[in-house]
Amino acid sequence: HIHIGSNIHLLLLLIVTAADRATPTQKHGNIIPIQGDISSKESLKVIADTIKQRHGYINLLVNNAGVLLGVQPKLPTPAEAGGDITKLQELLWNTETPETFRTTFDVNVAGVWFTTVAFLELLHEGNKRTLAPGGSGVSSGVITIASLASLRRDSGIFSLSYTVSKAAVQHLGKMIAHYLKDWKIRSNLINPGLYPSGSSLLHDA
(Lines give C-alpha, C1' and ligand atoms only; values in the text may rest on other atoms or scores of the structure.)
Protein backbone atom coordinates (compact mmCIF):
# COMPACT_ATOMS: atom_id res chain seq x y z
CA HIS A 1 0.00 0.00 0.00
CA ILE A 2 1.01 3.65 -0.37
CA HIS A 3 1.49 5.51 2.89
CA ILE A 4 0.05 8.99 3.40
CA GLY A 5 2.78 11.45 2.59
CA SER A 6 4.52 9.14 0.12
CA ASN A 7 6.30 10.78 -2.79
CA ILE A 8 4.73 9.86 -6.12
CA HIS A 9 6.68 10.47 -9.31
CA LEU A 10 4.58 10.43 -12.46
CA LEU A 11 6.34 9.61 -15.70
CA LEU A 12 4.12 11.39 -18.18
CA LEU A 13 3.86 11.08 -21.92
CA LEU A 14 1.69 14.21 -22.17
CA ILE A 15 3.50 16.41 -19.72
CA VAL A 16 1.45 19.59 -20.11
CA THR A 17 -1.94 17.97 -19.73
CA ALA A 18 -0.84 15.66 -16.94
CA ALA A 19 1.01 18.40 -15.07
CA ASP A 20 -2.05 20.62 -15.23
CA ARG A 21 -4.08 17.81 -13.72
CA ALA A 22 -1.54 16.89 -11.05
CA THR A 23 -0.67 20.31 -9.71
CA PRO A 24 -4.00 21.78 -8.51
CA THR A 25 -5.49 18.60 -7.03
CA GLN A 26 -2.66 17.32 -4.87
CA LYS A 27 -2.84 18.10 -1.16
CA HIS A 28 0.70 17.53 0.06
CA GLY A 29 2.74 18.70 -2.92
CA ASN A 30 4.38 15.32 -3.40
CA ILE A 31 3.00 14.29 -6.80
CA ILE A 32 5.87 15.12 -9.12
CA PRO A 33 5.30 14.94 -12.90
CA ILE A 34 8.34 14.06 -15.00
CA GLN A 35 8.41 14.13 -18.77
CA GLY A 36 9.92 11.12 -20.48
CA ASP A 37 9.82 8.59 -23.28
CA ILE A 38 9.56 4.97 -22.18
CA SER A 39 10.53 3.79 -25.66
CA SER A 40 13.97 5.39 -25.19
CA LYS A 41 16.57 3.77 -22.93
CA GLU A 42 18.43 7.06 -22.72
CA SER A 43 15.30 8.87 -21.53
CA LEU A 44 14.56 6.17 -18.96
CA LYS A 45 18.06 6.41 -17.55
CA VAL A 46 17.73 10.19 -17.18
CA ILE A 47 14.40 9.75 -15.39
CA ALA A 48 15.75 7.10 -13.01
CA ASP A 49 18.82 9.23 -12.27
CA THR A 50 16.61 12.25 -11.60
CA ILE A 51 14.51 10.33 -9.07
CA LYS A 52 17.64 8.83 -7.53
CA GLN A 53 19.04 12.33 -6.93
CA ARG A 54 15.74 13.66 -5.58
CA HIS A 55 14.62 10.77 -3.44
CA GLY A 56 17.19 7.97 -3.46
CA TYR A 57 14.78 5.06 -3.74
CA ILE A 58 11.28 3.92 -4.69
CA ASN A 59 9.04 1.26 -3.18
CA LEU A 60 6.65 0.72 -6.06
CA LEU A 61 6.86 1.01 -9.83
CA VAL A 62 3.62 1.04 -11.84
CA ASN A 63 3.97 0.34 -15.55
CA ASN A 64 0.86 2.00 -16.94
CA ALA A 65 1.82 3.65 -20.24
CA GLY A 66 0.33 2.21 -23.39
CA VAL A 67 -0.83 2.96 -26.90
CA LEU A 68 -3.69 1.60 -28.99
CA LEU A 69 -3.15 1.91 -32.74
CA GLY A 70 -4.53 0.20 -35.82
CA VAL A 71 -8.20 0.44 -34.84
CA GLN A 72 -10.04 -2.44 -36.39
CA PRO A 73 -13.39 -1.89 -38.14
CA LYS A 74 -16.24 -4.37 -37.97
CA LEU A 75 -15.29 -7.38 -40.04
CA PRO A 76 -17.71 -8.67 -42.66
CA THR A 77 -19.21 -12.13 -42.34
CA PRO A 78 -19.15 -14.42 -45.39
CA ALA A 79 -22.79 -13.49 -45.95
CA GLU A 80 -22.10 -9.75 -45.69
CA ALA A 81 -19.15 -10.11 -48.07
CA GLY A 82 -21.22 -12.11 -50.54
CA GLY A 83 -18.78 -14.95 -50.24
CA ASP A 84 -15.90 -12.73 -51.40
CA ILE A 85 -13.05 -13.24 -48.93
CA THR A 86 -11.04 -10.48 -50.59
CA LYS A 87 -13.29 -7.97 -48.79
CA LEU A 88 -12.07 -9.37 -45.47
CA GLN A 89 -8.54 -9.57 -46.80
CA GLU A 90 -8.54 -5.90 -47.83
CA LEU A 91 -9.76 -4.75 -44.41
CA LEU A 92 -7.16 -6.83 -42.57
CA TRP A 93 -4.39 -5.75 -44.96
CA ASN A 94 -5.13 -2.04 -44.59
CA THR A 95 -6.03 -1.81 -40.88
CA GLU A 96 -2.57 -2.41 -39.44
CA THR A 97 0.94 -1.68 -40.68
CA PRO A 98 4.34 -2.94 -39.59
CA GLU A 99 4.78 0.50 -38.02
CA THR A 100 1.63 0.22 -35.85
CA PHE A 101 2.90 -3.15 -34.63
CA ARG A 102 6.41 -1.82 -33.96
CA THR A 103 5.20 1.27 -32.11
CA THR A 104 2.68 -0.70 -30.07
CA PHE A 105 5.24 -3.31 -29.01
CA ASP A 106 7.92 -0.64 -28.40
CA VAL A 107 5.66 1.11 -25.89
CA ASN A 108 3.43 -1.63 -24.49
CA VAL A 109 5.99 -4.43 -24.16
CA ALA A 110 9.57 -3.19 -24.49
CA GLY A 111 8.60 -0.09 -22.50
CA VAL A 112 7.48 -2.25 -19.57
CA TRP A 113 10.71 -4.25 -19.59
CA PHE A 114 13.16 -1.39 -19.91
CA THR A 115 11.29 0.82 -17.43
CA THR A 116 11.45 -2.00 -14.89
CA VAL A 117 15.16 -2.57 -15.52
CA ALA A 118 15.89 1.16 -15.30
CA PHE A 119 14.36 1.31 -11.82
CA LEU A 120 15.90 -1.86 -10.35
CA GLU A 121 18.52 -0.01 -8.31
CA LEU A 122 15.89 2.29 -6.83
CA LEU A 123 13.58 -0.64 -6.02
CA HIS A 124 16.50 -2.40 -4.34
CA GLU A 125 17.26 0.72 -2.31
CA GLY A 126 13.61 0.71 -1.23
CA ASN A 127 14.03 -2.84 0.04
CA LYS A 128 17.06 -1.81 2.07
CA ARG A 129 14.77 0.51 4.01
CA THR A 130 11.54 -1.48 4.31
CA LEU A 131 13.14 -4.88 4.94
CA ALA A 132 15.66 -3.56 7.47
CA PRO A 133 14.95 -3.94 11.20
CA GLY A 134 12.22 -1.48 12.09
CA GLY A 135 11.05 -1.22 8.48
CA SER A 136 7.57 -1.94 7.24
CA GLY A 137 8.50 -5.44 6.11
CA VAL A 138 6.84 -4.84 2.73
CA SER A 139 9.19 -5.54 -0.16
CA SER A 140 9.45 -3.38 -3.27
CA GLY A 141 7.14 -4.22 -6.11
CA VAL A 142 6.37 -3.73 -9.78
CA ILE A 143 2.75 -3.51 -10.91
CA THR A 144 2.16 -3.77 -14.63
CA ILE A 145 -1.15 -2.75 -16.15
CA ALA A 146 -2.08 -5.25 -18.83
CA SER A 147 -5.67 -5.52 -20.08
CA LEU A 148 -8.58 -7.91 -20.29
CA ALA A 149 -7.90 -7.65 -24.02
CA SER A 150 -4.91 -9.92 -23.40
CA LEU A 151 -7.31 -12.80 -22.68
CA ARG A 152 -9.43 -12.38 -25.80
CA ARG A 153 -9.21 -14.78 -28.73
CA ASP A 154 -12.12 -13.50 -30.79
CA SER A 155 -11.95 -11.14 -33.75
CA GLY A 156 -14.25 -8.45 -32.35
CA ILE A 157 -11.45 -6.46 -30.77
CA PHE A 158 -10.39 -2.81 -30.91
CA SER A 159 -6.92 -3.51 -32.29
CA LEU A 160 -4.96 -6.66 -33.09
CA SER A 161 -1.55 -5.16 -32.32
CA TYR A 162 -2.81 -3.83 -28.97
CA THR A 163 -4.43 -7.13 -28.01
CA VAL A 164 -1.41 -9.30 -28.76
CA SER A 165 0.92 -6.75 -27.12
CA LYS A 166 -1.09 -7.04 -23.90
CA ALA A 167 -0.92 -10.83 -24.14
CA ALA A 168 2.86 -10.43 -24.32
CA VAL A 169 2.75 -8.11 -21.30
CA GLN A 170 0.87 -10.79 -19.35
CA HIS A 171 3.69 -13.25 -19.90
CA LEU A 172 6.38 -10.61 -19.36
CA GLY A 173 4.95 -9.70 -15.95
CA LYS A 174 5.18 -13.34 -14.88
CA MET A 175 8.74 -13.59 -16.16
CA ILE A 176 9.74 -10.40 -14.30
CA ALA A 177 8.56 -12.08 -11.10
CA HIS A 178 11.03 -14.92 -11.68
CA TYR A 179 13.86 -12.60 -12.73
CA LEU A 180 13.53 -10.61 -9.49
CA LYS A 181 12.32 -13.15 -6.91
CA ASP A 182 15.76 -13.70 -5.39
CA TRP A 183 16.05 -9.93 -4.93
CA LYS A 184 12.70 -9.84 -3.10
CA ILE A 185 11.13 -7.54 -5.69
CA ARG A 186 7.58 -8.56 -6.49
CA SER A 187 5.86 -8.42 -9.88
CA ASN A 188 2.10 -8.31 -10.21
CA LEU A 189 -0.31 -7.74 -13.08
CA ILE A 190 -3.66 -5.95 -13.27
CA ASN A 191 -6.09 -6.62 -16.12
CA PRO A 192 -8.54 -3.72 -16.20
CA GLY A 193 -11.55 -3.76 -18.47
CA LEU A 194 -12.73 -0.88 -20.61
CA TYR A 195 -12.16 2.38 -18.76
CA PRO A 196 -13.23 5.88 -19.83
CA SER A 197 -9.75 7.11 -20.73
CA GLY A 198 -8.64 9.19 -23.68
CA SER A 199 -7.80 6.02 -25.59
CA SER A 200 -11.05 4.17 -24.96
CA LEU A 201 -13.20 7.22 -25.66
CA LEU A 202 -11.51 7.64 -29.03
CA HIS A 203 -12.17 4.01 -29.86
CA ASP A 204 -15.64 3.54 -28.41
CA ALA A 205 -17.23 0.45 -29.92
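**Exercise 1.** Determine which residues alanine 48 touches, not counting residues up to four places away in sequence.

*Solution.* Step 1: with contact taken as heavy atoms within 4.5 Å, alanine 48 touches Ala118, Phe119 and Leu122. Step 2: alanine 48 itself lies in helix H2; helices (H or I, at least four residues) and strands (E, at least two) are DSSP runs, numbered from the N terminus.

The structure is a predicted model, in which local features need pLDDT of at least 70 and side-chain atom pairs count only at pLDDT 80 or more, while totals for chains, interfaces and linings use all residues. Residues are numbered from 1 along each chain as its sequence is written, and side-chain values use heavy atoms, with hydrogens and water left out.

**Exercise 2.** Classify alanine 48 and valine 71 as buried, partly exposed or exposed.

*Solution.* Step 1: buried means under 20% relative accessible area, exposed over 50%, and partly exposed in between (1.4 Å probe, protein chains only). Step 2: alanine 48 is buried because its relative accessibility is 7%. Step 3: valine 71 has a relative accessible area of 40% and is therefore partly exposed. Step 4: valine 71 belongs to the loop between strand S3 (60-63) and helix H3 (85-95).

**Exercise 3.** Identify the residues that touch the most other members of the largest nonpolar core.

*Solution.* Step 1: a nonpolar core is a set of buried Ala, Val, Leu, Ile, Met, Phe, Trp, Tyr and Cys residues joined through side-chain atoms within 4.5 Å. Step 2: among its 18 residues, these are Ile51, Ile58, Leu61, Phe119, Leu122 and Leu123. Step 3: H6 supplies the largest share, four residues.
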